[in-house]
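Have your viewer ready and try each task before reading on.

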Amino acid sequence: MTTTTEQEIITLTNQVFEESFEIEKEKLQPQMNIFEDLGLDSLDVVDLVVALQEKFGVKIRDDERVRSIRTLGDIYQFILNLKTGGASAIVSDQKE
Amino acid sequence: MQLKRVVITGVGAVSPLGSDVPSLIKGVEQGKSAVQYMEGWEQYTGLRSLVGAPAELKNEKSIPRQSRRSMGRMSFFAVQATQQALSDSGLEQKNLSSGRVGCIIGSTMGGAESLNDAFETMLPEKDLSQLTAMRFFQCVSHTAAMNVAQYLGLTGYVMATSAACASASQALGAGYDLIRLGKQDVMLCGGAEELHPTVTGAFDVLFATSVSYNNAPQRTPRPFDRERDGLVCGEGSGILILEEYEHALRRKAKIYAEIVGYHTCGSGVHVSQSNRDAMIYCLREAMATAHISPGDVDYVNAHATATVQGDKEEAEAIKDLFGDEVPVSSLKGYIGHTLGASGSLELIVSLAMMEKGVVYPTLNLETVSPDCEGIRHVMHPLAWDIGVMVKNCFAFGGINAALVCKKVNHQ
């Protein structure tokens, strides 16, 4: 996967948080906990899944891995894994 | 058991004539029609009525996202009308979570726009995976009541009446009963509705809409008029603060009027055809609750939507009870038929008439139809002392609702 594509994932995911959840761009850092830091709740997660499906053209509603997502970085990685079959990592401090 | 007295201590409105009560009253005073041609409705095959009375949705972003996310168009209207009514009443926020304050807000069928969007998302591919969690909360028939209650932190009774065009009157009546019985001290009551081609379409299919004035929208609807041809849908929300009389006195609240009578009943005759006997019965029962007779009534605010059959039946019912002495007018010519919100929006305007000593005329009533004669139609502004007024409503499903309000003089 190219760096550009990784950046695209970050950009498109951040767009979802800005458009659907009205979160300021500055707060959209990979280490941010989507519940504690960004203020989402369980109902928002349902809508997050719908928005990500639409943004990336994927089907993730029944994917068990969604339940373990805690940070924005987790989402980047989750989408990246979907797109690359788990062959790459998106955040520099994570091991490939 | 000694029943409590119930007074109205606050009003709030988002209407086709503006986003607050003063703009609504001013519009009516000036004889303005809010009816317009609805651009884009031509795309609906079979929809013959292309007119409506839209309200303006504005400032909804001032509601925090966490509260706003579950609100559709009609909930925004209801929340804004409720905030106005609370501010008008002077009630403090801290009292709202006492368990003694609740709300009842009716609508015809919940959020029409959200319902339509949900079906448009789901039906083409029969795929539910793109439905958001919030769509449900924006659609449901209690969406306005639920959102108002959550937003304001209400912990008393929260209910939603659903009786089409009688929804708001039933909400007010139910709130009145709860306070009378001592179950609640304050009730935020009324209705909310949103204009959508599917809503107008529902009436259009039944041949109840106005179809002859698409090129002259402001000439319709025409309640009681010889040239009337049906109703025009509108939207908005009207909310009134109902309060136990002693509670209102203790905090020296402004009292608009006392609700002294209410009744609602079915006709048991026909799902769509209005029935004069049921109206007469309903009005009689409401006046009996109020311990008054028709001769005590100074003004009747008619439902009169400008349907051929409904106006005729209502005129006959009013004639039977009140003869040709009591002034009668309908407000549908100004703001269209706001359906589930009509009972409360029109009561708010009627209270303004009571306060100002004037009866606003029926807009677009130029020649009284022969089948609506025999009652005192108000066709020009009439200076008139209103001590007691009756608000009449009726709805598809054969449902009737009537409220009696009385001016409170000793303040």
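**Exercise 1.** How many salt bridges does the rule find across the interface of chain A and chain B?

*Solution.* A word on conventions comes before the count. This is a predicted model, in which local features need pLDDT of at least 70 and side-chain atom pairs count only at pLDDT 80 or more, while totals for chains, interfaces and linings use all residues. Residues are numbered from 1 along each chain as its sequence is written, chains are lettered from A and ligands numbered from 1 in the order in which they are written, and side-chain values use heavy atoms, with hydrogens and water left out.

Step 1: apply the rule, which asks for a side-chain nitrogen of Lys or Arg within 4 Å of a carboxyl oxygen of Asp or Glu. Side chains of opposite charge can pair when their charged atoms come close.

Step 2: count across the interface of chain A and chain B, where the rule finds five salt bridges. One of them joins Lys59(A) to Asp127(B), with 3.5 Å between the closest N and O atoms.

**Exercise 2.** Describe the side of chain A that touches chain B.

*Solution.* Step 1: find the elements, where helices are DSSP runs of H or I with at least four residues, strands are E runs of at least two, and both are numbered from the N terminus. Helix H1 (3-21) and helix H2 (42-56) of chain A are the elements that give two or more residues to this side. H2(A) gives the most, with seven residues.

Step 1: sort the residues of this side by type: four are nonpolar, three polar and seven charged. Here Asp, Glu, Lys and Arg count as charged, Ala, Val, Leu, Ile, Met, Phe, Trp, Tyr, Cys and Pro as nonpolar, and the others, Gly among them, as polar.

Step 2: With contact meaning heavy atoms within 4.5 Å, 14 residues of chain A touch 14 residues of chain B. The buried area (accessible area, 1.4 Å probe, that two parts lose on being put together, summed over both) is about 1,100 Å² between chain A and chain B, and carbon and sulfur atoms give 41% of it.

**Exercise 3.** Where in chain B do the partners Glu235(B) and Arg73(B) lie?

*Solution.* Step 1: check the pair. Glu235(B) and Arg73(B) form a salt bridge with their closest N and O atoms 2.6 Å apart.

Step 1: Glu235(B) sits in the loop between helix H8 (197-205) and strand E7 (236-244), Arg73(B) in helix H3 (residues 73-89), and 162 residues separate the two.

Step 2: classify them, with buried meaning under 20% relative accessible area, exposed over 50%, and partly exposed in between (1.4 Å probe, protein chains only). Glu235(B) is buried at 1%, and Arg73(B) is buried at 18%.
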